[in-house]
Amino acid sequence: MKTPGKKQTPASEAAQEETNLVGRSALLEALCAALDRRREVIEVLEAAEDPDSAVRSMQSTLDLKPEEARAVLDMQLLRLTAAQREKTAAELAEAHLRLHTMRQESAE
């Protein structure tokens, strides 16, 4: 996050972008896992007594962090369509490629 009145250096901007990209990639990986295992996700939702128990069950079922489980539970059902599953997988692949490129450039 930028501090008002303080200019970020290109290195700190790149580090922030990498951090954001790592976080986004983790969420996309969780969504892709949920889409691949959508029947299990629906079973977890049906069995959950409340949103908190759904999050805990989703964490356990898909081996996710709390924020990733919540993102899966917040996912729109339209993501279950084949086209949206492919779009999510493509976004994840693009994020991984950008992250790999950024890390290579920073190593040089």
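User: Why is Ser25 called buried?

Analyst: This is a predicted model, where local features need pLDDT of at least 70, side-chain atom pairs count only at pLDDT 80 or more, and totals for chains, interfaces and linings use all residues. Residues are numbered from 1 along each chain as its sequence is written, and side-chain values use heavy atoms, with hydrogens and water left out. Ser25 has a relative accessible area of 3%. Buried means under 20%, exposed over 50%, and partly exposed in between, with a 1.4 Å probe and protein chains only. So Ser25 counts as buried.

User: Where is Ser25, and what is Ser25 in contact with?

Analyst: Ser25 sits in helix 1, residues 10-36. Helices are DSSP runs of H or I with at least four residues, numbered from the N terminus. Leaving aside neighbours within four places in sequence, Ser25 is in contact with Leu92, Ala95 and His96. Contact means heavy atoms within 4.5 Å.

User: Why is Lys7 called exposed?

Analyst: Its relative accessible area is 80%. The cut-off for exposed is over 50%, so Lys7 is exposed. Lys7 lies in the segment before helix 1. Its C-alpha atom is separated by 27 Å from that of Ser25, 18 residues apart along the chain.

User: What makes Ala15 partly exposed?

Analyst: Ala15, also in helix 1, has a relative accessible area of 39%.

User: Which residues of helix 1 are buried, and what do they pack against?

Analyst: The buried residues are Leu21, Ser25, Leu28, Ala30, Leu31, Cys32, Ala34 and Leu35. They pack against helix 2 (38-47), helix 3 (51-62), helix 4 (66-74) and helix 5 (82-107).

User: Why is helix 1 called roughly antiparallel to helix 5?

Analyst: Their axes come within 9 Å and cross at roughly 150 degrees. Axes are lines fitted to C-alpha atoms, for helices over the stretch in contact, and angles run from 0 to 180 degrees between N-to-C directions. Under 35 degrees is roughly parallel, over 145 roughly antiparallel, 65 to 115 roughly perpendicular, and the rest oblique. So helix 1 is roughly antiparallel to helix 5. The contact includes Leu21, Ser25 and Leu28 of helix 1 and Leu92, Ala95 and His96 of helix 5. By class, its residues are twelve nonpolar, three polar and eight charged. Ala, Val, Leu, Ile, Met, Phe, Trp, Tyr, Cys and Pro count as nonpolar, Asp, Glu, Lys and Arg as charged, and the others, Gly among them, as polar.

User: What makes helix 3 roughly perpendicular to helix 4?

Analyst: They pack at an angle of about 110 degrees, with axes 9 Å apart. The range for roughly perpendicular is 65 to 115, so helix 3 is roughly perpendicular to helix 4. Among the residues in contact are Val55 and Met58 of helix 3 and Ala69 and Leu73 of helix 4.

User: Why are helix 2 and helix 3 called roughly antiparallel?

Analyst: Their axes cross at roughly 150 degrees. The cut-off is over 145, so the pair is roughly antiparallel. Glu40, Val41 and Val44 in helix 2 meet Ala54, Ser57, Met58, Thr61 and Leu62 in helix 3.

How values were computed:
Helix = DSSP H or I, 4+ residues; strand = E, 2+ residues; numbered from the N terminus.
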